[in-house]
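I opened a notebook for this chain.

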Amino acid sequence: MAEERTIFHKIRDKEIPAAVVYEDEDVLVFKDIHPKAPTHLLLIPKHFVASIADVTPETAHIPGMLILKAQKFAKEKGIDGYKLTFHVGKGGGQEVMYLHLHLLSDMKLEG
Ligand code: AMP
């Protein structure tokens with residue numbers, strides 16, 4: 001079955017713009033379009049997984065990888081306090097069915 005392409009697929013594939021603040025071969029980090037804190041970033045894996053609810057033993061490294069990228073990014077930017085959130089499924093508030101980690105902080109991201 002063909003994978004349903006979400007708005008985050010299109011951001012990942014540069015079909016629609018986003019305020020990208022970091023990218024490497026594994027992850028894309030961009031600003032949330034409706035920020036709920038002075039810093040509100042979304043981290044998506046380049047490898048598509050729909051949700052934490054769909055993680056399998058083969059993809060179980062991905063949530064941990066996102067957390068490590070968030071930790072490294074925050075440290076490099078001097079963000080020393082933040083919240084990390086996964087919304088899981090519609091009942092958990094997940095609107096976009098492409099796994100993503102929210103990084104929220106009261107500290108403003110410089111630059
Ligand atoms: P969730 O509720 O966990 O699925 O979060 C989806 C998040 O994506 C929300 O906080 C939205 O504000 C954000 N969002 C939706 N479309 C875009 C977009 N085009 N660029 C950046 N953030 C977006």
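My entries follow, element by element.

**Ground rules.** I am working on a predicted model, where local features need pLDDT of at least 70, side-chain atom pairs count only at pLDDT 80 or more, and totals for chains, interfaces and linings use all residues. Residues are numbered from 1 along each chain as its sequence is written, and side-chain values use heavy atoms, with hydrogens and water left out.

**Terms.** I took helices (H or I, at least four residues) and strands (E, at least two) as DSSP runs, numbered from the N terminus. Buried is under 20% relative accessible area, exposed is over 50%, and partly exposed is in between (1.4 Å probe, protein chains only). Contact is heavy atoms within 4.5 Å.

I then listed the contacts of Leu 66. Not counting residues up to four places away in sequence, Leu 66 touches Val 27, Leu 43, Ile 44, Pro 45, Phe 86, Leu 99 and Leu 101.

**Helix H2.** I checked the span: 17 residues, 24 Å from first C-alpha to last, close to the 24 Å expected at 1.5 Å a residue. The expected span is 1.5 Å times one less than the number of residues. Which residues of H2 are buried? I found Ile 62, Pro 63, Met 65, Leu 66, Ala 70, Phe 73 and Ala 74. They cover an arc of only 165° around the axis, so they sit on the same side of H2. The arc is that of the directions from the helix axis to the C-beta atoms. On the other side of H2, His 61, Leu 68, Lys 75 and Glu 76 are exposed. The buried residues of H2 pack against strand S1 (20-23), S2, S3, strand S4 (83-85) and S5.

**Phi angles.** Just after H2, Gly 78 has a positive phi of about 75°. Lys 14 is not a glycine, yet its phi is positive too, at about 65°. Lys 14 sits in the loop between H1 and S1. Most residues other than glycine have a negative phi.

**Largest pocket.** I read its volume as about 540 Å³. Its lining has 24 residues, and Phe 8, Asp 32, Ile 33, His 34 and Leu 42 lie nearest the centre. Helix H1 (7-12), S2, S3 and S5 each give two or more residues to the lining. H1 gives the most, with 3 residues. A pocket is an open set of points on a 1 Å grid over the protein atoms alone, where a 1.4 Å probe fits, with protein on both sides within 12 Å along at least five of seven lines; lining residues have an atom within 4 Å of a point. The volume is the space filled by probe spheres set on the points, which are joined across faces, edges and corners.

Leaving aside neighbours within four places in sequence, Ile 11 contacts Ile 16, Pro 17, Ala 18, Leu 28 and Phe 30. Ile 16 lies in the loop between H1 and S1. Ile 16 is partly exposed, at 28% relative accessible area.
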